[in-house]
Each structure stands twice: as C-alpha cells, then as structure tokens.
Amino acid sequence: MVDCCSAPGLMPFAQALETMLSAITPITDVETITLKEGLGRALAADIASPMNVPPHNNSAMDGYAFAQASLTTQEYLTLAGRSMAGQPFEGSCVKGECIRIMTGAKLPDGCDTVEMQENCQAEGESIRFLEKRKQGDHVRYAGEDIAKGHIVFAKGRRLSAIDIGVLASLGINELQVFRKLTIALIATGDELKALGEPLGNGDIYESNSYALTGMLQNLNVNIIDFGVIQDDEEAIRQAFIDADKQADAVISSGGVSVGDADYTKMVLEQLGEIAFWKIAMKPGKPFAFGKLPNSYFFGLPGNPVSAMVTADLLAMPALMKLQNCHAKPATTLKAKSLSDLRKSPGRMDFQRGVLSQNSAGELTVGTTGSQGSGILTSIAFANCYIVLPSEQGRVSAGEMVDVRLFERFYS
Ligand code: AMP
Ligand code: MG
C-alpha cells in the first residue's frame, strides 16, 4: 500500500509524514458525552453559541450608570437605585438620574454609560460627576465576547482545558465527539524488564511504554498495554494478531532495525502491508508504518529518544488524523544558538534545546547536552527541538537556527 521501500537511500522526513498521513482514513463513529469527559476529545460537529456572552450589557467598573445625554447640561444626577451582580435594577433610569452599579452588574434600561466611583462625589442622593464621559464608556456589550450563533469551535477541534471552560460558559453540557481510539502498545526485547522485576545481567527497565502512555493520555484514548514481548517470532506474531483484533492502531517499539533478533519486520510482512522506512532524520532513522487487517501499525525504534521523537513527530500526527483532529501547525521560531552544535550533512536533526530570551531581548537556544538516542533526559529538560535541515553541517555559536516548540503531548 505504501510504496517507499523501493526508493534507495533515506526518505526525507516531510515525505514520510505526508505519505503516512495520506494513507490514513479517519474514523467516522460519533458519540455523545458530557462536558467533563471532553478533555482531548475531537468535536464531531461545529458548536454554535446558543447565547450572547456576556448575555447582557454590563458595567466594566464599580461606579454609577446613567444616560450620557443627562450630563451635557448638569454635573449632578439623582441616585435612583442600585444594580448589583446577580441583582439588577428592575426599573428604568430616566434623564437626570443615575444608578449605583458594580462591575459585571446589568446595565439598567435607560443607561448607556458608566463613570467609575473615583470620579464621583456622593452628597446624599445627589451624585456629582467630576469629569465628562463619552457615551458607552465603561460598558461591556452583550455578545462582545461571543455573539449568539457564532461558531465557537469547529468540527475536528481537540478540546483543551480552556475550551471546556468556554463551553461551560455557554451552558453547553452535551457534546458530539468522535469515539475514542483504542491503541495497543507493545515493547519488544529480551533485555527489557517490567518495573518491579529484578534486573538480570544486561537487562534494562522497559520505559518506552510509560512515556508513550503519558503522551497518548493527552489524546484521551483507550490504551491496551501488551507489556514486554520477547524477541521470539511466535510470541511477536501472537501479540501482533491479538493487538490488531482489539485496537485501531498498534504501536510497537524496538526490533525495527536489522539486528539478528529483529523479528518485527518478518512477522509484520506476513500479517499486513507494512513499509519499513529509513527516514533521513536524527534521532529516529528506522521507522515502520503500515496496515494490519484491522488496524494501523507504527513501529518505533527502540532507543528511548528515537521512540519519543518519532512518536511525537510521526505517530501522533497520524493518530490525530485518524481521530479527525485538526492539528495546529507547530510553532517555529528563529533563535541564536548559544553553543556550537555537532551535525553532519545527510539527515534532518531534531536536537533538543532550551529556548529563552537574553537580556537584549533576543531569542536564544541552548542544547540540553549529549544528544545520544538513549539519553531521555535530553528531552526531559528541553522545551523545543533545534531543527537543522539535512544539508546543514556543524553550527557555530551565535548562528541563527530554527526551533520548533514542543507540543502539548510531551507535558
Ligand atoms: P532495538 O530497536 O530493539 O534494537 O533497540 C534499540 C535500543 O533501545 C536497545 O538498546 C534497547 O535495549 C533499547 N530499547 C528497546 N525497547 C525499549 C523499551 N521499550 N524501553 C527502553 N529501552 C528500549
Ligand atoms: Mg530489540
């Protein structure tokens, strides 16, 4: 299904991403959920505001509301009532009168302007206005935040915490969203031990599935964790068959390079249509993508940094598409490199960096140190990728480089 393996050499990163995205058909099942379940879910329909926000004209200040025309000939107005937040003035304010009003309280009928209390002198029922006001001063208008009928969020939006607050402010408690994806995670490798098990000679703790689970939780998916599968052809085949039956996508890590014990490739070629790519990116050269009978397959490299970077830059965009989410383009900025950066031409580098601003206001980026593909702390303490194009060689301190801010998936 994906023609790529015939291409000699390494596939450019952008081409791998595009080929993969165009091979994915989004799910269509929709379900109704309540707002509190909405974090990370993808909207299945546009949401039009059922009301104006704010719902009524109201005051932006503590002070007095009145008709601005009242003050053209006089500087005293007669206090005729109070309008508090939640306890509006029910009557109508006529010429020559004013109403005591608090921030957020409904603007009474007959009023079009508010003066702040600091510019007024109260003498019993007589209020003296020390300054002239323009009509509409200190008034917040109905619908100035969101007008009734306006599309607040479009179909395909992945809901953030703030989005949920916005929907609550509109009184919306039921949402049509695309169903949750189910993702199977498989770690392969004889040397991998689950947490809690003793480490034997040459063993390491399995960590990829933990970091991947954390990233996937931001998409609010169901996760089926298959744990560690040994480097054994039959065990791998069985795990892939089971995972494919239950999941929309299967993500494995390890076993996609060309080591003697890398059965992943062999088994997948028997089960489905899988392409193994050598992508011109660093970290993350070996990567598999394809289709099993029921699911999509993402084969991440085993090295923890490579696994995270390919998950972030390749698998997550693919899952977003499968989930019908509109992915925002990544934020890319130019910054001055604080140090020399090692780089040889041939692959696109996604080095890990810390973006900040110096005292002159310039954006600067520092490396998080050793960029080995096993050094997971190089991502943990970073806030961006330093993206160096394929043909680029070594970078000298002071040169401008492209940085790409981390997505929310990492935090
Ligand atoms: P592989 O791609 O299977 O050759 O693995 C490359 C490197 O990543 C090896 O050093 C593995 O021990 C390590 N590795 C593979 N899978 C994992 C995992 N799930 N957690 C931590 N390290 C892993
Ligand atoms: Mg392995």
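**Notes on sheets and helix packing**

I started with one strand pair: β5 (residues 76-83) and β9 (residues 126-129) run antiparallel to each other and share three bridges. I looked for a facing pair there and noted Tyr 76 opposite Arg 128 in β9. A reminder to myself: this is a predicted model.

Next I traced the sheet around that pair. I read an open sheet of six strands, ordered β7-β4-β6-β5-β9-β8, and its pairing is mixed. Which strands stand at the edges? I found β7 (113-116) and β8 (120-123) there, and each has a single partner strand, so one side of each is left without a neighbour in the sheet.

**Domains**

I then checked how the chain is divided. The assignment lists four parts: domain 1 covers 11-29 + 179-322, domain 2 covers 31-53 + 144-178, domain 3 covers 58-140, and domain 4 covers 332-410. I asked how far apart the C-alpha centres of domain 1 and domain 3 lie. The answer I wrote down is 65 Å.

**The other six-stranded sheet**

I moved on to the strands in the order β16-β13-β17-β21-β20-β18, which form an open sheet with mixed pairing. Here β16 (222-229) and β18 (273-278) take the edges with a single partner strand each, so one side of each has no neighbour in the sheet. From one strand to the next, I noted a twist that averages 15 degrees.

Within this sheet I picked out β20 (residues 286-291) and β21 (residues 296-300), an antiparallel pair joined by four bridges. Lys 291 stands opposite Tyr 296 in β21. I then asked what packs on the sheet, and found α3 touching β13 (182-188), β16, β17 (249-253) and β21. The direction of α3 makes about 160 degrees with that of β13. I also found α5 lying across β13, β17, β18 and β21, where it runs at about 145 degrees to β18.

**α3 with α6**

I followed α3 (residues 208-217) to its contact with α6 (residues 304-322), where the axes are 11 Å apart and the angle is about 30 degrees. I logged the crossing of α3 and α6 as right-handed.

For the contact itself, I listed Asn 208, Ala 211, Leu 212, Met 215 and Leu 216 on the α3 side. Their counterparts in α6 are Pro 304, Ala 307, Met 308, Ala 311, Asp 312, Met 316 and Leu 319. By class, I counted 10 nonpolar, one polar and one charged.

**α4 with α5**

Last, I turned to α4 (residues 233-246) and α5 (residues 264-271). Their axes come within 9 Å and cross at roughly 45 degrees, and α4 and α5 are therefore oblique to each other. α4 passes α5 in a right-handed crossing.

I wrote out the residues that meet: Glu 233, Ile 236, Arg 237, Phe 240 and Ile 241 come from α4, and Thr 264, Met 266, Val 267, Leu 268, Gln 270 and Leu 271 come from α5. I sorted the contact of α4 with α5 into seven nonpolar, two polar and two charged residues.

Methods: Residues are numbered from 1 along each chain as its sequence is written. Chains are lettered from A and ligands numbered from 1 in the order in which they are written. This is a predicted model: local features need pLDDT of at least 70, side-chain atom pairs count only at pLDDT 80 or more; totals for chains, interfaces and linings use all residues. Side-chain values use heavy atoms; hydrogens and water are left out. Two strands pair if DSSP finds at least two bridges between them. Helices (H or I, at least four residues) and strands (E, at least two) are DSSP runs, numbered from the N terminus. Axes are lines fitted to C-alpha atoms, for helices over the stretch in contact, and angles run from 0 to 180 degrees between N-to-C directions. Angles under 35 degrees count as roughly parallel, over 145 as roughly antiparallel, 65 to 115 as roughly perpendicular and the rest as oblique. A crossing is left-handed if the near helix is turned anticlockwise from the far one by less than a right angle, and right-handed if clockwise. Contact means heavy atoms within 4.5 Å. Ala, Val, Leu, Ile, Met, Phe, Trp, Tyr, Cys and Pro count as nonpolar, Asp, Glu, Lys and Arg as charged, and the others, Gly among them, as polar. Domain bounds come from an automatic or database domain assignment.
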